[in-house]
Amino acid sequence: MDFRSDNHAGAAPEILAALAAANEGPAAAYGNDDWTAKVQERFAELFETEVQVFPVATGSAANALALSAMSPPWGVIYCHRDAHVQVDECGGPEFFTGGAKLLALEGDDGKIDAAALEGAIFGSGVVHHAQPAGVTITQASECGTLYRAEEILEIASVCRRHELGLHMDGARFANALAGLNCTPAEVTWKAGVDLLTFGATKNGCFAAEALAVFRPDLAETLAFRRKRAGHLFSKMRFLSAQLLAYLDDDLWLENARHANAMAGQLAKSLQKAGGRLAYPVEANEIFIHLPDDLAESLRKKGAQFYPWPASGSDAYRFVTAFNTREEAIQALS
């Protein structure tokens, strides 16, 4: 009963089958293969627009590459104080941008809002200040909450007024879509998002993410940036094959819906036992305050989960995955 992270889950059978199929025979290297060409076509269909897609192996790489395309070394990138780029990427965004400054904003439920962003932007054109360059938001947020299309539009409006790029870290993008019940286009480029980190590893892939770019000018240097970063894989077909299988027959959404449903069930069970939610459960993460005796009882039953001191001394995080079994949740009741 491992609820520590969806990264602890293995790969979906469909993904492993796709890898085995891609292993048959030779294929052109460095992304010049049929699988990678089809990824470009599939993403254009999925997002209902032309899009440049750059498969990579990690979300941290996709995020850092996106921010490097969006900001010069003297730029400022605005993010939430709990954002993965701010807390969990070991200075990668600063390294890949050549020194751009991340400016962390407060915000309820893990989200920044347009008013707070507007109030934080200053120094444009003044040589003494780092220059406003971009904004990054996380979908689902680090608190497991979701940005609605209208919230993204408000943030994008601020970005447009100040000529800032807008990036979305979609490490759990499928879980967000399953929770919002909307189309990929509605919460990305139609809402003003310029670049998207399209996560897949947490939701059933082996090691595959993609950076999707909706603004052609921001894609111009990314092929070189990806190569320089060591993420232009010689056997790119194995990343692309995963992404194709992930999207086939809506596997990605089916997996995400299951994970979200398991989170909903688990949250109800924990609340019934005496837990108190720290944030609304809108995707596949649960942040909850537990009495000490309840936390200890859950551990004795075999549950594994992380303490989450950022949300309080009695707070814990539980994460469900595409392969979480309902029996595991029932065993904790």
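Asp-109 counts as partly exposed at 31% relative accessibility, where buried means under 20% relative accessible area, exposed over 50%, and partly exposed in between (1.4 Å probe, protein chains only). This residue is found in the loop between β3 and α6 (114-120); helices (H or I, at least four residues) and strands (E, at least two) are DSSP runs, numbered from the N terminus. Asp-109 also has a positive phi of about 55° although it is not a glycine.

A word on the model: it is predicted, so local features need pLDDT of at least 70 and side-chain atom pairs count only at pLDDT 80 or more, while totals for chains, interfaces and linings use all residues. Residues are numbered from 1 along each chain as its sequence is written, and side-chain values use heavy atoms, with hydrogens and water left out.

Most residues other than glycine have a negative phi, and most peptide bonds are trans. Asp-250 is another residue with positive phi, near 60°. You'll find Asp-250 in the loop between α11 and α12, partly exposed with a relative accessible area of 37%. There's a cis peptide bond too, joining Gln-139 and Ala-140, with omega about -5°. Ala-140 sits in the loop between β4 (131-138) and α7 (149-161).

| Residue | Relative accessible area | Class |
|---|---|---|
| Asp-109 | 31% | partly exposed |
| Asp-250 | 37% | partly exposed |
| Ser-71 | 6% | buried |
| Phe-198 | 0% | buried |

**Cores**

In soluble globular proteins, nonpolar side chains tend to be buried together. A nonpolar core here is a set of buried Ala, Val, Leu, Ile, Met, Phe, Trp, Tyr and Cys residues joined through side-chain atoms within 4.5 Å. The largest one has 57 residues, and those with the most contacts inside it are Phe-43, Val-135, Phe-198 and Trp-252. A second, separate core has 20 residues, including Ala-66, Met-70, Cys-79 and Leu-211.

Phe-198 lies in strand β6. Leaving aside neighbours within four places in sequence, its contacts (heavy atoms within 4.5 Å) include Phe-43, Phe-173, Tyr-246 and Trp-252. The C-alpha atoms of Phe-198 and Ala-62 are separated by 8.3 Å, though these residues are 136 residues apart along the chain.

**Sheet and strands**

What is the strand order of the open sheet of 7 strands? The order is β1-β7-β6-β5-β4-β2-β3, with mixed pairing. Two strands pair if DSSP finds at least two bridges between them. The edge strands, β1 (52-56) and β3 (101-105), each pair on one side only. Neighbouring strands of this sheet are turned by 20° against each other on average, direction ignored.

At one end of that order, β2 (residues 75-80) and β3 pair in the parallel sense over 5 bridges, and Cys-79 stands opposite Ala-104 in β3. Ser-71 lies in the loop between α3 (59-70) and β2. Neighbours within four places aside, Ser-71 is in contact with Val-76, Ile-77, Ala-100 and Ala-133.

Now to strand β9 (residues 285-289): 5 of its 5 residues are buried, so β9 is largely enclosed by the rest of the structure. Glu-285, Phe-287 and His-289 point one way from β9, while Ile-286 and Ile-288 point the other way. Strand β8 (residues 276-277) pairs with β9 in the antiparallel sense over 2 bridges, and Arg-276 has His-289 as its bridge partner in β9. Strand β11 (residues 315-319) also runs antiparallel to β9, joined by 5 bridges; there, the bridge partner of Ile-286 is Phe-318.

**Helix packing**

Helix α11 (residues 237-247) lies across β1, β6 (195-198) and β7 (209-213), running at about 115° to β1. Axes are lines fitted to C-alpha atoms, for helices over the stretch in contact, and angles run from 0 to 180 degrees between N-to-C directions.

How do α8 (residues 173-180) and α12 (residues 251-272) cross, and at which angle? Their axes come within 8 Å and cross at roughly 75°. That makes α8 roughly perpendicular to α12, as angles of 65 to 115 degrees count as roughly perpendicular, under 35 as roughly parallel, over 145 as roughly antiparallel and the rest as oblique. Among the residues that meet are Phe-173 and Leu-177 in α8, and Trp-252 and Ala-256 in α12.
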